[in-house]
Amino acid sequence: MEFNTLCSKLDETVSKILNLIEQKSNTVLYEVSWYEKWTLGRMILFNTSSPYTNARGRIRKWKKEYNIRKFREFFL
């Protein structure tokens with residue numbers, strides 16, 4: 001898949017997740033068990049921002065290793 005296509009898919013997925021979160025109350029997100037002992041908000045965090053933070057660190061390390069300043073320009 002092309003880089004621009006992947007970026008578009010990421011943007012679309014982020015929008016869907018944000019819409020889901022906006023439709024839920026804090027009670028539903030953080031005070032009610034959703035999966036075993038975990039709340040819906042915590043599960044969203046486990047499966048979205050935590051892996052993203054990990055990936056961002058790996059990409060920064062890779063960029064530094066190859067002296068890349070702008071990621072998008074590298075793939076275009």
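This is a predicted model: local features need pLDDT of at least 70, side-chain atom pairs count only at pLDDT 80 or more; totals for chains, interfaces and linings use all residues.
**Entry 1: the nonpolar patch**

Residues are numbered from 1 along each chain as its sequence is written, and side-chain values use heavy atoms, without hydrogens and water.

Which helix gives the largest share of the patch? I found helix α1 (residues 3–23), with three residues. Helices here are DSSP runs of H or I with at least four residues, strands are runs of E with at least two, and the numbering goes from the N terminus.

I looked up Leu10, which sits in helix α1. Leu10 counts as partly exposed because its relative accessibility is 45%; buried means under 20%, exposed over 50%, and partly exposed lies in between (1.4 Å probe, protein chains only).

**Entry 2: the salt bridge**

Side chains of opposite charge can pair when their charged atoms come close. I used the rule of a Lys or Arg side-chain nitrogen within 4 Å of a carboxyl oxygen of Asp or Glu, and the count came to one salt bridge.

Which side chains meet in it? They are Lys16 and Glu12, at 3.4 Å from N to O. Both lie in helix α1, four residues apart, which is about one turn of the helix. Lys16 counts as exposed because its relative accessibility is 55%, whereas Glu12, at 47%, is partly exposed.

**Entry 3: the second largest pocket**

Next I checked the second largest pocket, which holds about 200 Å³ of space. I wrote down the rule: on a 1 Å grid over the protein atoms alone, a pocket is an open set of points where a 1.4 Å probe fits, with protein on both sides within 12 Å along at least five of seven lines, and lining residues have an atom within 4 Å of a point. The volume is the space filled by probe spheres set on the points, which are joined across faces, edges and corners.

The lining is made by Leu10, Thr13, Val14, Ile17, Leu18, Asn47, Thr48, Ser49 and Tyr52. Helices α1 and α4 (49–65) are the elements that give two or more residues to this lining, and α1 gives the most, with five. By class I noted five nonpolar, four polar and no charged residues.

**Entry 4: two positive phi values**

I also looked at Glu36, a residue other than glycine with a positive phi, near 50°. Glu36 is in the loop between β1 (33–35) and β2 (38–39), and it counts as exposed at 64% relative accessibility.

I found Asn67 in the loop between α4 and α5 (71–75), exposed at 66% relative accessibility.

Methods:
Ala, Val, Leu, Ile, Met, Phe, Trp, Tyr, Cys and Pro count as nonpolar, Asp, Glu, Lys and Arg as charged, and the others, Gly among them, as polar.
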